[in-house]
Amino acid sequence: MATDTQTPTETPIGDWLVLVSENYSPIDFMLIGDNLDRFMWGALVTLELTFLSLLLGGILCIPLALARAYRHPFWNAPVWCFTYFFRGTPLLVQTYLLYFGLGQFEVVRESFLWGPILSNAWWCALIAFTLNTAAYTTEFLRGAIVTTPFGEVEAAKASGMSAATMVRRIILPSAFRRALPAYSNEVIFMLHGSVIASTITLQDILGVGRWLNGRYYLAYEGFITAMVMYMILVFAISRGFKFWEKHWLGHLRPREEDSNTMVPEAATPDIR
Amino acid sequence: MEAIFDYRQLLLDGTLVTIRLAIVSAMLAVVLGLIGAWAKLSKSRAAQTAAGAYTTLIRGVPDLVLMLLIFYGGQTVLNNIGDTTGLWGYVEISQFTAGVGTIGFIFGAYYTETFRGAILAIPVGQIEAAKAYGMMPWQIFTRVIWPQMVRYALPGFTNNWLVQLKSTALVSVIGIQDLVYNAFGAGRSVRQLFTFMFAVLVIYLIMTAVSDAFLRWIDRKYSAGVREA
């Protein structure tokens, strides 16, 4: 195929790959090998977008979740509208709205934010992903705050803590721990959702796969490589969270090893 | 706003395509989910492994990647198989079929988990009692398992359906003329993409709100007779 000019044939494995690619396999491994650095850069974009949006969304969701959990007289309703809107609509359209839509307004195009941020695909993706993950995280953090055991709250009050101290030292740490299993799903959802970046011209992992598909008109090479890379990332993240759960939720585990009594992995789908 | 009114027919057509796609793929996914749940709970080692591989694969790979792979690669695979075995001639997968197939295939994995959990929630004693009465496996399924499975599976089903409805927006990427695709085309031609994308968001919000309300109603119906504290 397109790679005959630059096939490294020094090693036996190289020889074997060339032989297989040229004669037997429907997949051209050499093409993937030649473009591996592109895929690595793509992985960097994917990870950047995923983790930055999770970080920003995570910071944003704490005040929002508190406002929802304690039914703040003013903020509860607007925050509910925000989470309902972002949870009830597709992430793809939210991203399109920001990236393609904002240019419709004269005010936006003339503002100082237009040049560096709002006309830039990377920033638009980051903002859309951040708002989306903030909406989902707010709701399950709210659930975790509401289910704080009464005893913990009463003990905090009895110790004379102020409301702010109680939230900071008792309620939030306890809620974070209970939200951790759900959060591991959220991280994987966000990684899966980040493929939407490739629809607004960004070269994330799938973006590189689509580029390869468009350039050589080959279906498998780009998409199967992307598939394998996403699977590796997902399994690495799940393992990391298993470890964290053991570490932070150790006190909730039964004494003997019983795999069924841990907080069950939610069987929820992962697409926005 | 007038632009939206001018293009209302296009938006309506797109909405109908989206709804049809969501419903057909949900039916496919439910069938796959039942098969998957049966395989996971069966005694056959091979069936368990296959179903496990299926759910793991779907959990690991983003939907759009699978969709593009099936859309661009699936046809070649089918035609290669047809050529080698001589079972069928040249087939062409339409965009709609690829979209339904992919979304159904992906959500089948989530329904597998939902149904597996629901079947496990049914007390074993009831199934044993049905066997003791001499019911056939099919009778046990329709009379004992199914009515209760629906009850236990409904919350998970509602969640899956809402996510699936939203994920149909992705099919616009492979060129199906759904709501997003049509609205994007219209919005671009009148240079009002914000207005049109916002309209799409509102339509999706209406669809999710209506199906949420409907499924809650069904939940109440099937939960008749459940004791509440």
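A residue is called buried if 20 or more other C-beta atoms lie within 10 Å of its own, exposed if 12 or fewer, and partly exposed in between, with C-beta atoms placed from the backbone. The model is predicted: local features need pLDDT of at least 70 and side-chain atom pairs count only at pLDDT 80 or more, whereas totals for chains, interfaces and linings use all residues. Residues are numbered from 1 along each chain as its sequence is written, and chains are lettered from A and ligands numbered from 1 in the order in which they are written.

**Chain A**

Please select chain A. Of its 272 residues, 39% are buried. Chain A has 12 helices and 0 strands; helices (H or I, at least four residues) and strands (E, at least two) are DSSP runs, numbered from the N terminus. Two residues are in contact if their C-beta atoms, placed from the backbone, lie within 7 Å. Among chain A contacts between residues at least 6 apart in sequence, 73% link residues at least 24 apart.

**Two loop residues of chain A**

Most residues other than glycine have a negative phi. Next, select A:Arg71, in the loop between helix H3 (36–69) and helix H4 (76–87) of chain A. Although A:Arg71 is not a glycine, its phi is positive, about 50 degrees. A:Arg71 counts as exposed because it has 10 C-beta neighbours inside 10 Å.

Then move to A:Thr201, in the loop between helix H10 (163–193) and helix H11 (205–216) of chain A. A:Thr201 is not a glycine, yet it has a positive phi of about 70 degrees. With 11 C-beta neighbours inside 10 Å, A:Thr201 counts as exposed.

**Chain B**

Now select chain B, which has 9 helices and 0 strands. Its C-alpha atoms fill a box of roughly 70 × 60 × 25 Å along the principal axes. Buried residues account for 39% of the 229 residues in chain B.

**A helix pair in chain B**

Finally, display helix H2 (residues 8–41) and helix H7 (residues 137–167) of chain B, which pack at an angle of about 135 degrees with their axes 9 Å apart. Axes are lines fitted to C-alpha atoms, for helices over the stretch in contact, and angles run from 0 to 180 degrees between N-to-C directions. H2(B) is therefore oblique to H7(B); angles under 35 degrees count as roughly parallel, over 145 as roughly antiparallel, 65 to 115 as roughly perpendicular and the rest as oblique. At the contact, B:Ala22, B:Ser25 and B:Ala26 in H2(B) meet B:Trp161, B:Gln164 and B:Leu165 in H7(B).
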